[in-house]
Amino acid sequence: MSDKNKFKIPIGPQHPALKEPESFSVALKGEKILGVDIRLGYNHRGVEKACEERTYIQDMYLVERVCGICSHSHSTCFVQAVEEIAGLQVPRRALYIRTLVSELERIHSHLLWLGVAGHEIGFDTLLMYTWRDREVVMDILAELTGNRVNYGMNTIGGVRRDINPDQIKKVLKGMDILEERTKYYIEVASKETTVIKRLLGVGILSHEDALRLDAVGPTARASNVNRDVRRDDPYAAYSEVSFNVITDDHNDIYGRTLVRVKELMEAYKIVRQVLKDMPDGPITVKAPRKIPAGEATSRYEAPRGEDMHYVKSNGTEKPERVKIRAPTLANIQAVKHMLKDRFLADMPIVIAAIDPCFSCTDRLISINDLDRTKSEIVTWEGLRDYSIKWYKEKGIDFSKVEI
Amino acid sequence: MAIKAVKKILTWARIKSPWIIHFNTGACNACDIEIIAALTPRYDLERFGVLLKGTPRHADVLVCSGPVTKEVEPRLKRIYEQMVEPKFVIAVGTCACTGGVFSGCYNIKGGIDTVIPVSAYIPGCPVSPKAIIDGTVKLLVSLEEKK
C-alpha cells in the first residue's frame, strides 16, 4: 500500500464520542480502518506511587478514586489483599454487605453502559430511559452507603455501615422495579431492528482471539469464554450464592449487549439471595495499624472484567508497593484487533462496547522512543549505572559506593 | 444606545441557552457520570437551556472535572483558547477545585485554576447532580447581575 492512499486522522483527547481524554490515531483508506494507534496516559495521576506515601486507611479511599464507576471494586480488591497479608478473619455479615454493594454497583454500571451504547449508535431514547432507571439503583446506593458514587463502604477488616430491615425493604422494592425495566431492555436489545442492524457483526472478536488477547469480563464472555472470577475464585460471599455465568457466542457487540443485560438479571438474583441469607453478627474486626510484612494478590470481578491488585507490605503502616491491573487494560488490545479492517463509523461503538474506563487503565507510563521500534527495559544494574553517570556530571562520584 | 440594546439581547440569549462542553482533565469518572446524570431525565439540566456540545468552538461554558494531569495540561489550554469570548469555566468536583486526594501526586498540576481562570467552583467527591444544577444556576444569575 502506498502512503498516498493512506490518511491519518487523530481522534481525541477531546472528542464528542469520547467521555475521557484518550487519543487514537487512525490510519484510513477511504472509510476503512487500516490500523489504530492508541495513546493512553492523559489520565495518569500516579495513584500507585501515591499509595506508597499514604497509610493503608488513606490508600483505601485513594484506590476507590482510581475509577468512579467501579469504585467499590477497587477498594474491595485492595482491602482483600491487605486483609490476606494481615491474616484478618472478616465477619460473614461484612462479606455479605460487600457482595450486596458490589452487585448494586454492577447494576448501575451495566445500566450506564447500556445508555452510553445507545447514545453511540444514535439511539438517545435508550440513553434517557436507562439513565432514568439507573437513578433507582443510585438512590439505593445513596441510602445504604451515604454517597451516590465512591461509597466509602469498606474498611480494613469489614465494612463501615450496617444495613437495617427498612433498607432491605427499599432495596427489594428497587430490584422489582429494575427487573421489570430490564425485561423491557432485553426485549429492546434482542428484538429491536435498528439495534440488531447496528450491532450485529460489528466489532468481531473470535473465541480464539479473545483467549489470545486475554480479554476479560463481558467482552470475553460474549466471545464464549466461560470465565468469571466470582465463580472461579470466589471472594466475599460469592461461594454461598448461586448464579449463572452468562456467555454468548455472537462474538460481536450484539453479544456483548446481551451478556450485559442478562447479567443484570443475575445481579438482581444475587442481591435477593444476599438479602435473604444475610447472617447476623458484627460487621468489622479490629485491624492493626501496622500491617505485617508480606505480599498478596487479590482478584475481583468488576463490572468490566477481572480487576487485580497486588500489595506488598514491609511491616510499617504504609505499603511498600501497590500494583493495580484494571480490566480495561486487558481489553484495550482487543479493541485494536476489533477495529482493523472495519469502518470508521463503527469506531465509537466498538470502543464503547468494551465499556472502557481509561482512568482505571492509565496506571503506567511506557517510554517509547520514536526513533526506535523496540521498547526499552531498564534493569537495576542499568538504572544504577545511569544514576552514577548522572551524578558524575554533577560532580559527585558514587561509583565507589557498595550496595 | 443601539449597542447597549444589542448587548442586552446578547446577555439575555447567553443566559437562556448556555452551551457547555465537558472536558475530563484526569478525573476518576465519578464527576463525569454525575455531569451526565445531571443532563438526563431525573435532574434534567437541559430545562435551563443547557446543551452539551461536542466542540469548544460552539460552547460558552467549559465544564472541567478532575485534577489537571501534566499530560492533559497543554490540551486544556488549547481547548480554552479555542472557545469564543465571553467564556466561562466551571470546576466540578474537589479535584478540579484544589487537586483533592490527588494533590501531591507526581503527575498532577493541581486544580483547574492553576492552568486556566475559573468562574465557578463546585466542590464534592463526587459532586451530586443537585450541586451541579445549583452551581450552574448561580453562575447564570451572576452573569445576569453583571449584564
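User: Which residue of β7(A) stands opposite S298(A)?

Analyst: H309(A) stands opposite S298(A). This is a predicted model, in which local features need pLDDT of at least 70 and side-chain atom pairs count only at pLDDT 80 or more, while totals for chains, interfaces and linings use all residues. Residues are numbered from 1 along each chain as its sequence is written, and chains are lettered from A and ligands numbered from 1 in the order in which they are written.

User: What makes β6 and β7 of chain A a pair of strands?

Analyst: Strands are DSSP runs of E with at least two residues, helices are runs of H or I with at least four residues, and both are numbered from the N terminus. Two strands pair if DSSP finds at least two bridges between them. Strand β6 (residues 294-302) and strand β7 (residues 305-313) of chain A have 9 bridges in the antiparallel sense, and therefore meet that condition. Y300(A) has D307(A) opposite it in β7(A), and a hairpin of 2 residues connects β6(A) with β7(A).

User: Why are β6 and β8 of chain A called edge strands?

Analyst: The open sheet has 3 strands in the order β6-β7-β8 of chain A, with antiparallel pairing. β6 and β8 (319-325) of chain A each pair on one side only. From one strand to the next, the twist averages 15°. Axes here are lines fitted to C-alpha atoms, for helices over the stretch in contact, and angles run from 0 to 180 degrees between N-to-C directions.

User: Why is S109(A) called buried?

Analyst: A residue is buried if 20 or more other C-beta atoms, placed from the backbone, lie within 10 Å of its own, exposed if 12 or fewer, and partly exposed in between. S109(A) has 26 such neighbours, so it counts as buried. S109(A) belongs to helix α4 (residues 92-120) of chain A. Leaving aside residues up to four places away in sequence, S109(A) touches I69(A), C70(A) and P303(A). R304(A) is 195 residues from S109(A) along the chain, yet their C-alpha atoms are separated by 8.6 Å.

User: How do you know that the radius of gyration of each chain agrees with that of a compact globule?

Analyst: The radius is taken over C-alpha atoms, and the globule rule is 2.2 Å times the number of residues to the power 0.38. For the 403 residues of chain A the rule gives near 22 Å, and chain A has 23 Å, which agrees. For the 147 residues of chain B it gives near 15 Å, and chain B has 15 Å, which agrees. Buried residues make up 48% of chain A and 45% of chain B. Chain A contains 15 helices and 8 strands, while chain B contains 5 helices and 7 strands.

User: What makes up the side of chain A that touches chain B?

Analyst: Contacts link 32 residues of chain A with 31 residues of chain B. The elements giving two or more residues to this side of chain A are α1 (47-52), α2 (56-64) and α5 (124-145) of chain A, and α5(A) gives the most, with 4 residues. Ala, Val, Leu, Ile, Met, Phe, Trp, Tyr, Cys and Pro count as nonpolar, Asp, Glu, Lys and Arg as charged, and the others, Gly among them, as polar. By that division, this side of chain A has 15 nonpolar, 9 polar and 8 charged residues.

Terms used
Two residues are in contact if their C-beta atoms, placed from the backbone, lie within 7 Å.
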